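Me: I have a model open in my viewer and would like to learn how to read it. Could you walk me through it, one feature at a time?

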Amino acid sequence: MEIKEYKKIDAHAHVGNFGGWAGVSITAEELISQMDENNIEKTLLCAEPNEGCLEAVEKYPDRFVGMVYVNPLEGQAAVDKVYHYVQKKGFKGIKANPLKHAYVADTELMDPVMEAAKELDIPVFIHCGHPPYSLPWSIALLAERHPDVKVVMIHMGHGHGVYIDASLKMARRYPNLYLEMSGMPMPSKIKEAYETVGADRIMFGTDSPYHPAIVESMKVATSGLTGEQMQDVFYNNCAKLMKLEK
């Protein structure tokens, strides 16, 4: 089977204009075009402010799954935002980026957000792989403190071998830690995660518009997994975590 024939769920993508240092942007329509080209049925989508994500989700409800982008430094407003978008707008998860908002991942300021996630029974996706704020050890400490909340380490360490190794070690230690592989350059670590962390705890993602979907797909294709195992990574695992219909 060719790589584009595998059905997929993208576990991490953005929509909007990301000016400044990044100088990239993508519209909902451009993202859907990319999804169609790569057999991606659904995308877990985020944007800051959240209204950009909501607009895309409401326009294309069969293709996008909303993720609430939160900044715990906002205090109660961040918690209120979670309840609003999940209970009233149908979002299904939380996105946190300690690097962007400048807080250490295991700060106690995250506790109210994590408690909301527990009550709502939704996972928390956290950017992983950049010092000093978003390192795997800090995310693991947060997951340890909230064992009933599923926590996804986005990028599973990103481009640093030490952080990639630590992401796998932390996920092996804490059963509520999951891994998403966008931007992580070592295909063999996808297979290692599948075999040593858990067959249902490693997921495909693109981090669009930062990475091409075909490049991220090829990492899975060259990881050494079987066709059936790749389908878990591409689709089944995210569908199970997010309670999405197959």
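Reply: Happy to! Keep in mind that this is a predicted model. Let's begin with the strands.

Me: In what order do the eight strands of the open sheet run, and is the pairing parallel or antiparallel?

Reply: First the general idea: strands of a sheet pair through backbone hydrogen bonds, in either a parallel or an antiparallel way. Here the eight strands follow the order β1-β4-β5-β6-β7-β8-β9-β10, the sheet is open, and the pairing is parallel. At its edges are β1 (8–14) and β10 (202–203), each of which pairs on one side only.

Me: Which strand pairs with β8, residues 151–154, over four bridges?

Reply: That is β9, residues 177–180, and the two pair in the parallel sense. To find your place, look for V151, which stands opposite L177 in β9.

Me: How do I describe two packed helices?

Reply: Take α3 and α5 (residues 111–120): they pack at about 25 degrees, with axes 9 Å apart. Angles under 35 degrees count as roughly parallel, and α3 and α5 are therefore roughly parallel to each other. The crossing of α3 past α5 is right-handed.

Me: Which residues of α3 and α5 meet?

Reply: From α3 come A78, V79, V82, Y83, V86 and Q87; from α5 come P112, V113, A116, E119 and L120.

Me: How many residues are in the largest nonpolar core, and which have the most contacts inside it?

Reply: This core has 69 residues, and F64, V82, L177, L179 and I202 have the most contacts inside it. Helix α3 (residues 76–88) supplies the largest share, six residues. Another core lies apart from that one, with 18 residues, including I9, I154, M203 and Y235.

Me: Which helix lies across β1 at about 70 degrees?

Reply: Helix α10, residues 227–242, does, and α10 also lies across β4 (40–46), β5 (64–70), β6 (93–96), β7 (124–127), β8, β9 and β10.

Me: Is Q231 buried or exposed?

Reply: You will find Q231 in helix α10. Buried means under 20% relative accessible area; Q231, at 17% relative accessibility, therefore counts as buried. Leaving out neighbours within four places in sequence, Q231 is in contact with Y6, K7 and N236.

Key: Residues numbered from 1 in each chain as written. Predicted model: local features only at pLDDT ≥ 70, side-chain atom pairs only at ≥ 80, totals over all residues. Heavy atoms only, no water. Core = buried A, V, L, I, M, F, W, Y, C linked by side-chain atoms within 4.5 Å. Buried < 20%, exposed > 50% of the residue type's maximum accessible area, 1.4 Å probe, protein only. Pairing = 2+ DSSP bridges. Contact = heavy atoms within 4.5 Å. Axes fitted to C-alpha atoms, helices over the stretch in contact; angles between N-to-C directions. Parallel < 35°, antiparallel > 145°, perpendicular 65-115°, else oblique. Left-handed = near helix turned anticlockwise from the far one by under 90°.
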